[in-house]
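Please find below a short note on the model under review. The points proceed from the whole chain to individual elements.

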Amino acid sequence: MRNYYYHSPASFEELFQIIEKNDSKSCEIKFLAGGTDLVPRISLEREVIPKGGEKDLNVIFLGKLGLDSVTENEREIRIGALCTFTDIANNAAVRENAPALLDAVHEIAGITVRNSATLGGNIMNASPAADSVPALIALSAKFVLKGYAGTRTVPADAFFTGPGKTVADGAEILTEIVIEKQAGNAGFQKLGRRKAETLSIVNAAAYAETDQNICKTIRVAIGSVAPTVVRCKAVEQALVGKAVSKEAVKAASEAVLSEINPIDDIRATAWYRKKVAPVIVRRAIEEALGIE
């Protein structure tokens, strides 16, 4: 029979002691932040998992580790992994320096979920449809992981390896999201089955810098069209060094079709996602470039 255990460490030292004690073939560890995804999964699991032969589950709450604040300096903003989406939406530093992330946050679930759900949880779930991730990739965010051996920093576009999978190992936790202050503009777009409280059929974000109407820097990411959120390098290459125009953006956006591999699911067919992906990418780029 599967047993369930709850831990609430008050320090990183205590956290890693708990992990070391319970990280074995007979135990499974899950980290708890806002709980809006994990708790329903556990509740469902308790109903459907047959008795016998299952690993014990140790749930480790991260809420006492001081990971729920936003700080900034002249170069960057650092968002604690346990900041809720409401915290982020109300933060002046995020509004000023990462408006695309702010737009994405407002598209995630509803107010009650955003009051509990955390940015770190959204990232670590590693859903291909996560709304925060395209914005973070477009903004060239970096994720700080902390483990036994210390900390390491991983670029957002190198963090995800598959649905529900990241480069973090079972003894590492995400502590911070770092976003450099930049001179350009960014945009976020989402297509869902309704206007609010829905998972994305396709979402996309873009960041751009221009000089005398020439696109100097562009980063584009698209979600819900592949096993992970995709950095759209073919789209970027088609725009860098080109004069900014609606025609150039539309032509470049078509290159996204060479970079995606959507599937059929309950929200949309692969065929439909391929039809709308260039449109959503174009709209995100136009928003970043200020094209109306």
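1. Basis. The model is predicted, with local features requiring pLDDT of at least 70 and side-chain atom pairs counting only at pLDDT 80 or more, whereas totals for chains, interfaces and linings use all residues. Residues are numbered from 1 along each chain as its sequence is written, and side-chain values use heavy atoms, leaving out hydrogens and water.

2. Overall form. The protein contains eleven helices and 14 strands (DSSP runs numbered from the N terminus: H or I of at least four residues for helices, E of at least two for strands). Its radius of gyration is 20 Å, close to the 19 Å given by the globule rule for 292 residues, so the protein is as compact as a globular protein of that length (C-alpha atoms are used, and the rule is 2.2 Å times the number of residues to the power 0.38). The C-alpha trace spans about 60 × 45 × 35 Å along its principal axes.

3. Burial and contacts. Of the 292 residues, 48% are buried (under 20% relative accessible area; exposed is over 50% and partly exposed in between, with a 1.4 Å probe and protein chains only). Considering contacts between residues at least 6 apart in sequence, 65% join residues at least 24 apart (a contact being heavy atoms within 4.5 Å).

4. Helix H1. In H1 (residues 12-22), Leu15, Phe16, Ile18, Ile19 and Asn22 are the buried residues. They fall within an arc of 155 degrees seen down the axis, so they line one face of the helix (the arc is that of the directions from the helix axis to the C-beta atoms). Glu13, Glu20 and Lys21 are exposed on the other side. The cover over the buried residues of H1 includes strands E1 (4-7), E2 (27-32), E3 (56-61), E6 (142-147) and E10 (173-180).

5. Helix H10. Val249, Ala252 and Ser253 are buried in H10 (residues 246-253). Their arc around the axis is only 100 degrees, which puts them on the same side of H10. Exposed on the other side are Glu247, Lys250 and Ala251. The buried residues of H10 pack against helix H9 (233-239) and helix H11 (270-289).

6. Gly121. This residue lies in helix H7 (residues 119-124). Gly121 counts as partly exposed, at 22% relative accessibility. Its C-alpha atom is separated by 7.5 Å from that of Leu82, 39 residues apart along the chain.
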